[in-house]
Amino acid sequence: MKRTILLLFLLLAAMPARAQDAFLAALPGLGGGFGAQVEAVGQLGTLGDPRALPILTALSEGRLLRLADGTLLIRDGTRLLNAATGAPVDVAEADTQRVTINNRVRGALRGALGQLQIISPNSAERLAAADAIFRARSAENVPLLDAALARESVPEVRDRIALALAASRLVATNPADKLAGITALGETASPQARSILLEARAANPEVATQIDAAVAAIDQRLAIRRAAETLFQGLSLGSVLLLAALGLAVTFGVMGVINMAHGEFVMLGAYTTVMVQDFARDIPWLQPWSLPIAVPAAFLVTAAIGAAMERGLIRHLYGRPLETLLLTFGVGMMIQQAVRLIFGAQNREVISPPWMQGTLMLPFDIPVTANRLWILCFSLVIFGLILAAIRMTRFGLEMRAVTQRRPIAAAMGIRTGRVDALTFAFGSGIAGIAGVALSQIDNVSPNLGTGYIIDSFLVVVFGGVGSLAGTLIAAFGLGVINKMLEPWAGAVLAKVFVLVAVMAFIQRRPRGLFPQKGRAAEA
Amino acid sequence: MSATTLDTPAPSRIRLGLRAVMGVVVVVLATFPLLNMLPQDSVFHVSDFLVSVSGKWICYAILALSLDLAWGYAGILSLGHGAFFALGGYAMGMHLMRLIGPRGVYGHPVLPDFMVFLGYQQLPWYWLGFDHFAFAMLMVLLVPGMLALVLGWLCFRSRITGVYLSIITQAMTYALMLAFFRNDMGFGGNNGFTDFKELLGMPLNTGAARASLFYASLVSLVGCYLFCLWMTGTKYGRVLTAIRDAENRVRFLGYDTTSHKLFAFVASAMMAGLAGALYVPQVGIINPGEFSPGNSIEAVIWVAVGGRGTLVGAVIGAFSVNGLKTWLTSAAPDLWLFVLGGLFVAVTLFLPKGLVGLLKGRAK
């Protein structure tokens, strides 16, 4: 920034006196007829004098005024400034007359403003100016852009200026310039550059081969970018599947208890987020923390409900998985209806914190929404925490002992009933955490969970029941496959294909996926 | 599957009693269309609503019977029987659509309205033949049967049982629902089929047509009941029950459990398809919502409430739960889902043998 300003000063100092005179000479034309205005605007734009920028901006916004003697004034809020010097003047506004423009002047203004803004100290303005010049593309802008490119230091703006420069060169009459433009455009990965090249192909048959080569290069780069984009979308979908399935991987995979109310636990987690957010709304210092607070809150809420459900109901049905399935389905139905009666059937609004809004650029110019990226990281962190909890804590050890050989674990003094309840609560709590994340990207309604339950089961079964790492691989694998199929088959059919493919896969690897052996298969 | 003792042969007195209950239910139902013809002020008059709603319940009872055959006797808890029901319904719906002919809104001689609307030039190949009643009826049985055959063969061969099988069947009906929601499948997208005009030359909006469909459903119910009764009584049926209770032991004894289960599953799917085919002309619409996993699970609760492993139980369950639903959804619509969920919990915890088990327990 500093450097840019310094450069601007140097530029101004180096500007020949003749140019400054030209600026003053061109100025009165703005107050004349439409024809004179167009000419003056064009001159001011080409001169590239930064003093012209506020004047032309004022003209385009209808803030340029004229005194009877032809002196031009700019209305800046309540003050009136002399357009040529920028000094405040003491004139009543009633004595002035607004300078009007027509569409032809407006068109000229757009071009000139672009030319002037390209030397603006504000990088966002320079970016917009580069884009405006790119759209207008005229060979006259080549020297201007060349100079702008030389002094540009912000990489993003540089890229855009280079693109505008290449596009402007393409319409130049000079064949060497034209070829340079084509080459430069071919080095981008911009669909706009591609369409410009294709447009120019008919008008420039002599450089058709070069244009074709450039288009092919762009196509290749676009294909790589598309592939990377698909990969990210797939990983993003995979992270959602992983979050939804992780709780199930504990209750079903580790404990062997089928919980059809799992989706409802996810939904309760999302509603907990809504409630925490509503609670924090009136407490300013708490507001930015509502989402981080919602994570443990959702865990506790759903874990408590899960523990109550395990102790009160599921415990009586151990060893009868089909009955457990029906019972938990019934419980899920009641939870869903209760939420519908309490909170209403319509979607609840969840406000994302600022750091989760907006779009980021990954390498290869892949746009990613911040919330998707956060959820991807979040799912991996949660996965790591669960793995650590199972592998490295006392609770995890007891949990594994009870699931592997219950009577021996009991003989070692482990309270198996307590471990059962805690394990189920743990799995349910994870579902609640998933709900916090999903509330950021999905509609928070009582039906939130139903959409995830079948997918979650497929992920757990596909990855191998009882294997957390399998769940991770299955979730990301299914996510990426789903997104790869989508361009070919459409979103719905892709989902159907994945369902069928998982069913077919289970045919090929039934033993690998169902590690029950011997008499355990009869349990 | 746990080795339950659901099929302890009831004392013959009770078994006869249950069959008598079934007979009474059928006879009472058979009088409905006749009583409907009595003058409105008569004490015995049965309202149009009751006739049409009990016609639907009979179809549900057939679906419950079919599910009971798979779950109660073969131990296959299908959470996707609604898919077979819906496929049968769609096959019938296609026949009914073809019979509309040029009477549609767009008046096209061959294409149904939705195809004209979607810009079809000709009938897709899989619609051919559905203008013949016999072909359509064949498809009503064959399409669900084939799906059950393929799915069952794949699953039973790989020894996928219990909960896994349930989830796979649920995924199947979910996938079908998503697929049928698509417009380009050629099945009317999310609107499905409706606006039917006639069946077998009978205009559908007449009382005679309603009564005929009612009796056709009732006859089908009795037929399916007798078929299941016969089948479960044969040696094959006893092996099936043994598979339900201890599949590996039966396999070790030298039985081919896969084909035993497969036959029951396919027969069950065909019955469900028949139920769907009878259901569609009575309600006048079929859409992809019929595939929703919730519908299939609701059918499971009918069987569970009535008492799985007893054929009469499935029928009683279908009538009682649906009766409750019809009454409650108008009396207290918010409560219905609580009651349904509560039924799941209560039946699995306190009434594993269902209403019929309650009767049996009292008799002992």
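**View 1. Gly470(A), a buried glycine in helix α20 of chain A.** In this predicted model, Gly470(A) is buried, with 21 other C-beta atoms within 10 Å; a residue is called buried if 20 or more other C-beta atoms lie within 10 Å of its own, exposed if 12 or fewer, and partly exposed in between, the C-beta atoms being placed from the backbone. Gly470(A) is found in helix α20 (residues 468-489) of chain A, where helices (H or I, at least four residues) and strands (E, at least two) are DSSP runs numbered from the N terminus. Leaving aside neighbours within four places in sequence, Gly470(A) is in contact with Gly463(A) and Gly464(A), contact meaning that the C-beta atoms of two residues, placed from the backbone, lie within 7 Å. Gly470(A) and Val41(A) are 429 residues apart in sequence, and their C-alpha atoms are 67 Å apart in space. Residues are numbered from 1 along each chain as its sequence is written, while chains are lettered from A and ligands numbered from 1 in the order in which they are written. Because the model is predicted, local features need pLDDT of at least 70 and side-chain atom pairs count only at pLDDT 80 or more, whereas totals for chains, interfaces and linings use all residues.

**View 2. The four-stranded open sheet of chain A.** The strands of this sheet follow the order β3-β2-β1-β4 (chain A) with antiparallel pairing, two strands being paired if DSSP finds at least two bridges between them. At the edges stand β3 (79-82) and β4 (97-98) of chain A, each with a single partner strand, so one side of each is left without a neighbour in the sheet. Strand β1 (residues 64-66) of chain A is joined to β4(A) by two bridges, the two strands running antiparallel, and Arg66(A) has Gln97(A) as its bridge partner in β4(A). Four bridges join the antiparallel strands β2 (residues 72-76) of chain A and β3(A), and here the bridge partner of Arg75(A) is Leu80(A). In the hairpin of β2(A) and β3(A), with two residues between the strands, Gly77(A) takes a positive phi near 70 degrees.

**View 3. Met260(A) in the loop between α11 and α12 of chain A.** Met260(A) lies between α11 (208-254) and α12 (262-280) of chain A and is buried, with 26 other C-beta atoms within 10 Å. Not counting residues up to four places away in sequence, Met260(A) touches Leu325(A), Thr328(A), Phe329(A), Gly332(A) and Ile453(A). The C-alpha atom of Met260(A) is separated by 9.4 Å from that of Leu248(A), which is twelve residues away along the chain.

**View 4. Two annotated spans of chain A.** The unreviewed UniProt entry places the feature "transmembrane region" at several spans of chain A, including residues 373-390 and 421-441; UniProt positions are given in the numbering used here, feature names are shortened, and annotations may be inferred rather than shown by experiment. Residues 373-390 of chain A are 100% helix and 0% strand, with the end C-alpha atoms 26 Å apart. Over residues 421-441 of chain A, the chain is 86% helix and 0% strand, and the end C-alpha atoms lie 31 Å apart.

**View 5. The side of chain B that touches chain A.** Here 35 residues of chain B are in contact with 34 residues of chain A. On the chain B side, the elements that give two or more residues are α6 (162-180), α11 (293-306) and α13 (333-350) of chain B, and α6(B) gives the most, with twelve residues. By class, this side of chain B has 23 nonpolar, nine polar and three charged residues, where Ala, Val, Leu, Ile, Met, Phe, Trp, Tyr, Cys and Pro count as nonpolar, Asp, Glu, Lys and Arg as charged, and the others, Gly among them, as polar.

**View 6. Asp195(B), a residue other than glycine with a positive phi.** The phi of Asp195(B) is near 65 degrees, and Asp195(B) has its place in the loop between β1 (193-194) and β2 (198-199) of chain B. Most residues other than glycine have a negative phi. Asp195(B) is partly exposed, with 16 other C-beta atoms within 10 Å.
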